[in-house]
Amino acid sequence: MTASSPVAPARQGTVTRVRWTICALLFFATTINYLDRQLFSLLIPFFEDELRLGPTDLALINVSFLLAYGFGMVFVGRWIDRIGTGKGLSATFLLWNVASAGHAFVGSFAGFAGIRFLLGVGEAGNFPSAVRTVAEWFPKKERALATGLFNCGSNVGAILAPLLAVRIAEAYGWRTCFLLLGGVGVVWIFFWNRLYRRPEEHPKVSPEELAHIRSDAKESTESLGVGEVFGMRPVYAVAIAKFFTDAPWWFYLTWLPKFLVSEFNLKPTFMAYAIPVVFLVADGGAVGGGWLSSRLIAGGRSVGAARKLAMLVCALSAVPVMAVGQLVGVPSVAGIPTVFVAVAILSLAAAAHQGWSSNLYTLVSDALPRPAMATVVGVMTAFGVVGGALFQIFVGWSLKITGSYALPFLLAGTLYLIGLLALHLVLPRVEPVTPKRSVPKAAIVAGGVVMLASIAGLQFALNRPPYTSVADYRATRSAQLGATGAPTEGPAARVGWMDARWYLWPTPEGTKAELIKLDRDARPIVEPRGASAKGYEGPTAEQVQASEAP
């Protein structure tokens, strides 16, 4: 915003609260960020059949967003550190809103992969900008609370998304939904450009408020190189903690609707209310986690001890989610329908994550110099995305092998304690640091390549297509099942948009009927639920068995 912008100056002698207006702008930006992010997963049922997108296609589209979002933060965060949060957040906000609305104009796997990649690059600017803005506008004793307040926007966006998207898509179509909800956020840019300035340059900030904002010891504003950023120990502490604890959050975001609908046999209308409840409770965790550490500091605890104690409370609150996978198939718990118990535990876990995140993000401003903050948030988010991507691959493998969500939930409940232990071992004391060495850029690039290779390697090892053709399926599956002969080709069927066919395998235990789906590239996929699969059209299991040739 230029110096000539029509903003009334503050009256002398008054204690203004402009910093909370800036925090409110960050809250609305984060709300729009998560609203746009969630549209794709919510609208999949409306376009997956039309565009013939299979599970592998959808997974790759999600990976396209994740990698652009996570690794884009490293570069976008560095760019924001150079040009400032005012211009940086405005530009990236415009990019992701244009990309979100652009979903309405694509109609293929490649188109969605490309537009999701662009969305990820744009959305990568939100959290680095927000954390740096909080550091500019708030003293340390208020930063965790401010971070928790703007981070509430992520839950509000996740609440609004199912309430709005499904209804708009049902009434006007999925393309109109992307166009309306993706484009409306551009209005925010007007208010941001009008109201944002650095505290020293803002005419509405009184001398008393500026003194409050700058009440901490003077911090360096000298620019830092990427190598210097990686040369500071706290960077690795927060990045490793993020690696472990973003994994459960991405699990909840991407698998929660499918888990509740498929495992508890719910109608989609239930999700319009269940998911908002989870994220509404998570809002309380975001504010409560920040409030708790701020309260501990006010009570005399050191900054480091206060943050870690608050994070320990959050980590312990996430432990009960370990039991959620075991609730499937249980009619009720203490007379309460099991699905409500599961939603309650998931809500607590989501609140625990947001409280944890409020303190983890604030640790960045506690320990690291301000000029490096956006870059550090980008680095830690890249680590978080790698952890999230690896966990997604693990979830897919676990479901394929066990057919149950028990293992993913078991792991999700332990990762916060592991993350806190790693954080404490790497950073036993939280205190401001300055760069004392510089890591060669070649080593940084090599580390990034290793992380990308780990994702690609695990995906290839665990979730590569098991069969390349029907002939490959028939040849390979015989040994896997211990079949005593060649299969009999059974009746045709459909699962959603996929063509399918039954195969009847002779085994020592008797005839095994197996349903095979064909993806977009005619590769066979075993459907473990058989005739109970969602979207199945064809003969019943009994009719399939009766169709076996004598």
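Buried means under 20% relative accessible area, exposed over 50%, and partly exposed in between, with a 1.4 Å probe and protein chains only. By that cut-off, buried residues make up 53% of the 550 residues in the protein chain.

This is a predicted model, in which local features need pLDDT of at least 70, side-chain atom pairs count only at pLDDT 80 or more, and totals for chains, interfaces and linings use all residues. Residues are numbered from 1 along each chain as its sequence is written, and side-chain values use heavy atoms, with hydrogens and water left out.

**Figure 1. The whole protein chain.**
The protein chain has 20 helices and seven strands. These are DSSP runs, numbered from the N terminus: helices are H or I with at least four residues, strands are E with at least two. The radius of gyration is 25 Å, close to the 24 Å that the globule rule gives for 550 residues, so the protein chain is as compact as a globular protein of that length. The radius is taken over C-alpha atoms, and the rule is 2.2 Å times the number of residues to the power 0.38. Along its principal axes the C-alpha trace spans about 95 × 55 × 50 Å. Contact means heavy atoms within 4.5 Å. Of the contacts with a separation of 6 or more, 78% are between residues 24 or more positions apart.

The accessible surface comes to about 23,100 Å². Carbon and sulfur atoms hold 65% of that surface. Areas come from the Shrake-Rupley method with a 1.4 Å probe; for residues, only the protein chains shown count as cover. The protein chain carries 46 positive and 34 negative charges, and their mean positions are 8 Å apart. Lys and Arg count as positive, Asp and Glu as negative; His and the chain ends are not counted. Each charge is placed at NZ of Lys, CZ of Arg, CG of Asp or CD of Glu.

L35 is found in helix α1, which covers residues 18–47. L35 is buried, at a relative accessible area of 8%. Leaving aside residues up to four places away in sequence, L35 touches G157, L160 and A161. F264 is 229 residues from L35 along the chain, and their C-alpha atoms are separated by 26 Å.

**Figure 2. Close-up of the salt bridges at E200.**
A salt bridge is a side-chain nitrogen of Lys or Arg within 4 Å of a carboxyl oxygen of Asp or Glu. A search of the whole structure finds 17 of them. The side chains of E200 and R198 meet in one, at 3.5 Å from N to O. R198 is partly exposed, with a relative accessible area of 34%. E200 is partly exposed as well, at 39%. E200 also forms a salt bridge with R214, with the closest N and O atoms 2.7 Å apart. E200 lies in the loop between α8 (187–195) and α9 (207–213), and R214 in the loop between α9 and α10 (226–229), so the pair ties together parts that are 14 residues apart in sequence. R214 counts as partly exposed, at 26% relative accessibility.

**Figure 3. Close-up of the R307 and D366 pair.**
R307 forms a salt bridge with D366, the closest N and O atoms being 2.6 Å apart. The pair links distant parts of the chain, 59 residues apart. R307 sits in helix α13 (residues 303–318), D366 in helix α14 (residues 338–367). Both R307 and D366 are buried. Elsewhere, salt bridges that share partners join R198, E200, E201 and R214 into one network.

S347 is found in helix α14. S347 is buried, with a relative accessible area of 4%. Not counting residues up to four places away in sequence, S347 touches V277, V278 and V281.

Most residues other than glycine have a negative phi. A334, although not a glycine, has a positive phi of about 55 degrees. A334 is found in the loop between β1 (332–333) and β2 (336–337). A334 is exposed, with a relative accessible area of 80%. A522 has a positive phi of about 60 degrees and is not a glycine either. A522 is found in the loop between β5 (510–518) and β6 (524–527). A522 counts as partly exposed, at 42% relative accessibility.
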